[in-house]
Amino acid sequence: MSVVRTNWLLVFMLLLAGLFAAAQFGKLTLTLEPLRAAYPKGGGLVPVLVSIVGMVGIALGAVAGAVVARIGVARAITGALVMGGALSLMQAFLPPIGVFAALRVVEGLAHLAIVVATPTLLAGISTDADRPVVMGIWAAFFGIAMAIMAAGLPTILAAGGLPLVFALHGGGMVVMAALLYPLLPKAQGGGAVAVSYLAEHRAIYTTPRLLIPGAGFVWYTILYIALLAVLPIALRLPVWAVTALPLISIVGTLWGGFLAKRIAPDRLVAAGFVLTALATGLAWALTPAIWPLFILFFVMALIPAASFASIPHFNATLPDRARATGGIAQLGNVGTTLGTPLFVLAFDGGGLGLVYAIMLAFCAIGVLSTRALAGRIK
């Protein structure tokens with residue numbers, strides 16, 4: 001049944017929930033030095049604390065869609081917000097690092113539930129005309145959260161250190177759950193949906209319409225996170241430029257959502273990779289100029305907007321949308337986990353030229369995989 005009017009209030013509230021989910025990464029990624037100081041004997045386990053949430057996404061992303069479809073999106077979102085808030089409040093006591101790591105594993109489950117259930121619900125509460133824009137807004141949630149946290153964390157850390165960061169995050173998630181629950185359509189999902197780990201992977205990775213959202217998104221995530229880690233070092237970028245790159249990416253993602261109203265999402269993903277390849281060549285040719293990087297991050301942001309728009313474009317039912325979202329969550333976590341070490345090794349071994357060459361290769365793979373899957377759907 002088509003939606004007559006987009007529920008923009010609920011869209012906005014769900015975006016806020018997504019910001020808290022993104023903060024589950026950012027609260028450690030952006031506070032790594034204070035975290036090392038809090039756990040001076042943690043050694044190599046300290047940076048692993050950042051990655052644990054992503055590792056859970058890799059392990060369980062594909063099955064998360066079926067779980068969300070079974071328990072219902074309203075219960076999944078609010079339950080995950082409450083659980084995530086409670087875990088963050090426990091982290092505020094800075095428990096022993098082994099306990100902290102265990103809390104991060106459970107936090108990964110809460111994060112996964114939010115990032116799978118929320119876009120599934122967003123697609124269901126939007127009109128056909130507004131749906132690409134709404135999915136584009138959702139695709140920008142991670143970048144928006146990182147920008148807000150980068151601006152606010154120094155003040156919070158100065159006022160109360162890591163305990164205050166974790167306490168505010170945890171309290172905010174619990175409050176968000178209380179505000180959001182009355183607005184959620186309780187009939188969205190829930191029922192006798194079978195959950196099988198192997199069957200869910202087989203369904204997603206052998207069904208083109210379920211796989212196509214993640215098939216392009218994975219190459220984008222490899223590029224985006226890695227470039228934010230490598231480019232500032234390789235080009236010795238000033239602080240203002242490092243801050244501007246993710247902000248420009250947010251604008252590009254929102255623009256991509258509007259373009260997806262007129263261009264089929266699979267074609268827009270392919271176009272995003274082609275434009276990214278051209279911008280990469282420009283940045284390579286004009287090294288060390290900064291302005292080509294702004295073009296690169298702007299056009300690259302078309303890819304996530306179109307990838308999320310492709311979930312409802314190719315999948316009409318809630319269980320299928322949840323499965324496709326689980327697939328994009330799993331593949332996105334694969335990209336964010338592998339991208340940084342891959343590009344750091346490439347830069348150390350072959351300099352910026354090798355980094356750009358690998359980028360061009362990934363752009364080509366992104367175009368080919370997306371077009372091949374689209375051809376199988378049609």
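Ala, Val, Leu, Ile, Met, Phe, Trp, Tyr, Cys and Pro count here as nonpolar, Asp, Glu, Lys and Arg as charged, and the others, Gly among them, as polar. The model is predicted, so local features need pLDDT of at least 70 and side-chain atom pairs count only at pLDDT 80 or more, while totals for chains, interfaces and linings use all residues. Residues are numbered from 1 along each chain as its sequence is written, and side-chain values use heavy atoms, with hydrogens and water left out.

The pockets come first. A pocket is an open set of points on a 1 Å grid over the protein atoms alone, with protein on both sides within 12 Å along at least five of seven lines; a cavity is a set of points where a 1.4 Å probe fits but cannot get out, and lining residues have an atom within 4 Å of a point. Grid points are joined across faces, edges and corners, and a volume is the space filled by probe spheres set on the points. Helices (H or I, at least four residues) and strands (E, at least two) are DSSP runs, numbered from the N terminus.

The largest pocket holds about 1,600 Å³ of space. Its lining consists of 45 residues, and the closest to the pocket centre are Thr29, Phe142, Met146, Ile225 and Leu228. Two or more lining residues come from each of α1 (8-29), α3 (45-71), α5, α7 (141-180), α9, α10, α13 and α14 (318-377). By class, this lining has 31 nonpolar and 14 polar residues, and no charged ones.

The second largest pocket has a volume of about 280 Å³. Of the 13 residues that line this pocket, Phe20, Ala23, Ile148, Met149 and His169 lie nearest its centre. Helices α1 and α7 each supply at least two lining residues, and α7 gives the most, with nine. The lining of the second largest pocket divides into 11 nonpolar residues, two polar and no charged.

The elements that give two or more residues to its lining are α9 (208-234), α11 (265-285) and α13 (302-314). The largest share, three residues, comes from α9. Ile212, Pro213, Gly216, Asp266, Val269, Ser307, Ser310 and Thr370 line this cavity. By class, they are three nonpolar, four polar and one charged.

Next are the charged contacts. A search of the whole structure finds eight salt bridges, each defined as a side-chain nitrogen of Lys or Arg within 4 Å of a carboxyl oxygen of Asp or Glu. One of them joins the side chains of Glu107 and Lys27 (2.6 Å, N to O). This pair links distant parts of the chain, with Glu107 in helix α5 and Lys27 in helix α1, 80 residues apart. Buried means under 20% relative accessible area, exposed over 50%, and partly exposed in between (1.4 Å probe, protein chains only). Glu107 is buried, with a relative accessible area of 0%, and Lys27 is buried at 1%.

Glu107 also meets Arg104 in a salt bridge (3.0 Å, N to O). Because Glu107 and Arg104 are three residues apart in helix α5, about one helical turn separates them. Arg104 is buried, as is Glu107.

Another salt bridge is formed by the side chains of Arg323 and Glu200 (2.8 Å, N to O). Arg323 lies in helix α14 and Glu200 in helix α8 (residues 197-206), so the pair ties together parts that are 123 residues apart in sequence. Arg323 and Glu200 are both buried. Salt bridges with shared partners join Glu200, Arg209, Asp320 and Arg323 into one network.

The surface has a nonpolar patch formed by Met83, Val105, Val106 and Leu109, with about 270 Å² of accessible area together. Patches are made of residues with over 30% relative accessible area and no salt bridge, where like charges are joined within 9 Å and nonpolar side chains (Val, Leu, Ile, Met, Phe, Trp, Tyr) within 5 Å. Accessible areas come from the Shrake-Rupley method with a 1.4 Å probe, and for residues only the protein chains shown count as cover. Helix α5 (residues 97-124) gives the most to this patch, with three residues. Val106 lies in α5 and is partly exposed, with a relative accessible area of 31%.
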